[in-house]
Amino acid sequence: MCIIPVAQTVDLKALAAACGDKKVEMVHMREIQNLTGYIRGGCSPVGMKKNYPTYLDSSALTHPAISVSGGARGVQLRLAPGALTGYLKCETGSFCLPDHPAISVSGGARGVQLRLAPGALTGYLKCETGSFCLPDVDCK
C-alpha cells in the first residue's frame with residue numbers, strides 16, 4: 001500500500017526499491033476486494049484484512065493533517081500523518097514521480113479523472129487554446 005498526494009503519480013521504481021523488490025505494479029481493480037476486503041474506490045490503509053506493508057510519501061509529513069480513504073466510497077479519515085505512521089508502522093520516503101505540467105479532465109464517469117499533459121490533449125482533440133474567462137472575471 002502506498003499513500004501519495006491525490007494529484008501525484010506513484011513512482012513504481014522508488015517504491016520497488018523501498019520494498020526491496022526489483023519491480024512492483026499496481027493491483028488490478030478486479031483483485032482489490034479479494035486482497036484488501038475493500039471495494040474499488042474505498043481502499044483504506046487502515047483495517048485491511050491482511051497487514052500489508054504501507055509506504056507514505058514524505059510530503060505528507062509537512063501537513064498538520066491528511067485525508068485517507070475511510071474504507072467506503074466517499075468516506076475519508078482526516079488525521080495527523082504522525083498518527084498514521086505510528087499506527088501502521090509505515091515507511092516514509094519519496095514515492096512520487098517528479099512534477100510535470102498536467103491538467104485534469106473528466107474521464108467520462110463520476111469520480112474518474114484523467115491527468116494529461118496539455119499538449120497531449122490539444123494534439124488529440126485538435127482544439128484551440130486561449131483564455132476562456134467569463135466577462136468581468138479575473139482568471140489570473
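**Buried residues, cores and loops in the predicted model**

In this predicted model, Asp-11 touches Phe-95, Cys-96 and Leu-97, when residues up to four places away in sequence are not counted. Asp-11 lies in the loop that runs between strand E1 (2–3) and helix H1 (12–19). Although Asp-11 is buried, it has no salt bridge, and the nearest side chain of opposite charge, that of Lys-13, is 7.0 Å away. The side chain of Asp-11 does, however, reach the backbone nitrogen of Lys-13, at 3.1 Å.

The largest nonpolar core is made up of eight residues, namely Ile-3, Leu-56, Ala-60, Ile-66, Val-68, Leu-84, Leu-88 and Cys-90. Strand E3 and helix H3 (81–88) each supply at least two residues of this core. Apart from it lies another core, of six residues, which includes Val-10, Ala-16, Tyr-55 and Phe-95; Phe-95 is also one of the residues touched by Asp-11. Ile-3, a member of the eight-residue core, is in contact with Pro-45, Thr-54, Tyr-55, Leu-56, Asp-57, Val-68 and Leu-84, leaving aside its neighbours within four places in sequence.

Helix H3 has Pro-81, Leu-84, Thr-85 and Leu-88 as its buried residues. These residues lie on the same side of H3, because they cover an arc of only 95° around the axis. In an α-helix there are 3.6 residues a turn, so residues three or four places apart point the same way. The elements that cover the buried residues of H3 include E1, strand E2 (55–57), E3, E4 and E5.

Just after H3, Lys-89 takes a positive phi of about 55°, in the loop that leads from H3 to strand E5 (91–93). Most residues other than glycine have a negative phi, whereas Lys-89 shows a positive value in a residue that is not glycine. With a relative accessible area of 70%, Lys-89 is exposed.

A further loop, between strand E3 (66–69) and strand E4 (76–79), contains Gly-71. Leaving aside neighbours within four places in sequence, Gly-71 is in contact with Tyr-38, Gly-42 and Ser-44. Gly-71 and Met-48 are 23 residues apart in sequence, and their C-alpha atoms are 8.8 Å apart in space.

Conventions: Residues are numbered from 1 along each chain as its sequence is written. This is a predicted model: local features need pLDDT of at least 70, side-chain atom pairs count only at pLDDT 80 or more; totals for chains, interfaces and linings use all residues. Side-chain values use heavy atoms; hydrogens and water are left out. Helices (H or I, at least four residues) and strands (E, at least two) are DSSP runs, numbered from the N terminus. Contact means heavy atoms within 4.5 Å. A nonpolar core is a set of buried Ala, Val, Leu, Ile, Met, Phe, Trp, Tyr and Cys residues joined through side-chain atoms within 4.5 Å. Buried means under 20% relative accessible area, exposed over 50%, partly exposed in between (1.4 Å probe, protein chains only). Lys and Arg count as positive and Asp and Glu as negative; His and the chain ends are not counted. A salt bridge is a side-chain nitrogen of Lys or Arg within 4 Å of a carboxyl oxygen of Asp or Glu. A polar contact is a pair of N or O atoms within 3.5 Å; within protein, one must be able to donate a hydrogen and the other to accept it, and residues adjacent in sequence count only if both atoms are side-chain atoms. The arc is that of the directions from the helix axis to the C-beta atoms.
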